[in-house]
Amino acid sequence: MVEDRLLIRKCKQGSRDAFQRIYEKYESDLRTLAANLLDDKVTAEDVVHDVFISLLQVVDSFALRSSLAGYLKTSVANRSRDYMRKKRPQAALVTDAGQMPSDDNGPVQLAMQNEFSQQLGSAMSQLPYEQREAVVLYLHGRMKFKTIAKLQNVSIKTAHSRYRAGLDRLRSMLNSELEE
């Protein structure tokens, strides 16, 4: 957080290197977050780039009140929600190969992981957006329910219920696929 404050201060002074460091530090996680929210890697990249462009446009008046990571994740979630309101794209597979943990257990283990990732991506795309958003923001975005509730403009209890309902629905869908 101290590094982020220093980087923002340097950005305000016109340092391109500082902005580049912020971009390199957060871009990958933000892109994965957006891809999981949107089910579309290309749009996810656009959303993340828009967030960084917006940050660059307001950096002179930007006041970092909490964590930069939280601010950027919130911005990605808001832009993703705006996109979903405007356009409901067809469900797409949401596995980001660059974010998949590598495993040296061999081709069989890798094939099993790939199949599970595909099943999970398919199941995630079938969740209602509010549930998917709550699950992704909590698990991947590491946001607290208080923050998720504020983003979704609902009570903390509702945000938690959406998360639980999403997990229950995922569990049900994945269990039914495993039984087949």
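Modeller: Apart from neighbours within four places in sequence, Tyr26 is in contact with Asp4, Phe52, Leu68, Ala69 and Leu72. Contact here means heavy atoms within 4.5 Å. The model is predicted, so to speak of a local feature requires pLDDT of at least 70 and to count a side-chain atom pair requires pLDDT 80 or more, while totals for chains, interfaces and linings use all residues. Residues are numbered from 1 along each chain as its sequence is written, and side-chain values use heavy atoms, with hydrogens and water left out.

Tyr26 is also among the residues with the most contacts inside the largest nonpolar core, together with Ile22, Phe52, Leu68, Leu72, Val76 and Leu137. That core has 47 residues. A nonpolar core is a set of buried Ala, Val, Leu, Ile, Met, Phe, Trp, Tyr and Cys residues joined through side-chain atoms within 4.5 Å. Buried means under 20% relative accessible area, exposed means over 50%, and partly exposed lies in between, with a 1.4 Å probe and protein chains only. The elements that give two or more residues to this core are helix 1 (2–12), helix 2 (16–38), helix 3 (41–58), helix 4, helix 5 (107–126), helix 6 (129–139), helix 7 and helix 8 (156–179). Helix 2 supplies the largest share, 10 residues. The helices (H or I, at least four residues) and strands (E, at least two) are DSSP runs numbered from the N terminus. In soluble globular proteins, nonpolar side chains tend to be buried together.

The aromatic rings come next. Rings of Phe, Tyr and Trp (its six-membered ring) pair if their centres lie within 6.5 Å; planes under 30 degrees apart are stacked, over 60 edge-to-face, and the rest tilted. By this rule there are six aromatic pairs. In one of them, the ring centres of Phe19 and Phe52 are 6.2 Å apart and the planes stand at 90 degrees, so the pair is edge-to-face. This pair links distant parts of the chain, since Phe19 sits in helix 2 and Phe52 in helix 3, 33 residues apart. Phe19 is buried at 15% relative accessible area, and Phe52 is buried at 2%. Phe19 and Phe52 form one aromatic cluster with Tyr23.

Another pair is Tyr138 and Phe145, whose centres are 4.4 Å apart with planes at 10 degrees, so it counts as stacked. Tyr138 is partly exposed, with a relative accessible area of 31%, whereas Phe145 is buried at 14%.

Helix 7 also holds Ala149, which is buried at 3% relative accessibility. Not counting residues up to four places away in sequence, Ala149 touches Val154, Ser155, Ile156 and Ala159. From Ala149 to Arg162 is 13 residues in sequence and 9.9 Å in space, C-alpha to C-alpha.

Arg142, in the loop between helix 6 and helix 7, has a positive phi of about 55 degrees although it is not a glycine. Arg142 is exposed at 62% relative accessible area. Asn153 lies in the loop between helix 7 and helix 8; its phi is positive too, about 60 degrees, and it is not a glycine either. Asn153 is exposed, with a relative accessible area of 72%.

Some figures for the chain as a whole remain. The protein chain has eight helices and zero strands. Of its 180 residues, 39% count as buried. Among contacts with a separation of 6 or more, 67% join residues 24 or more positions apart.
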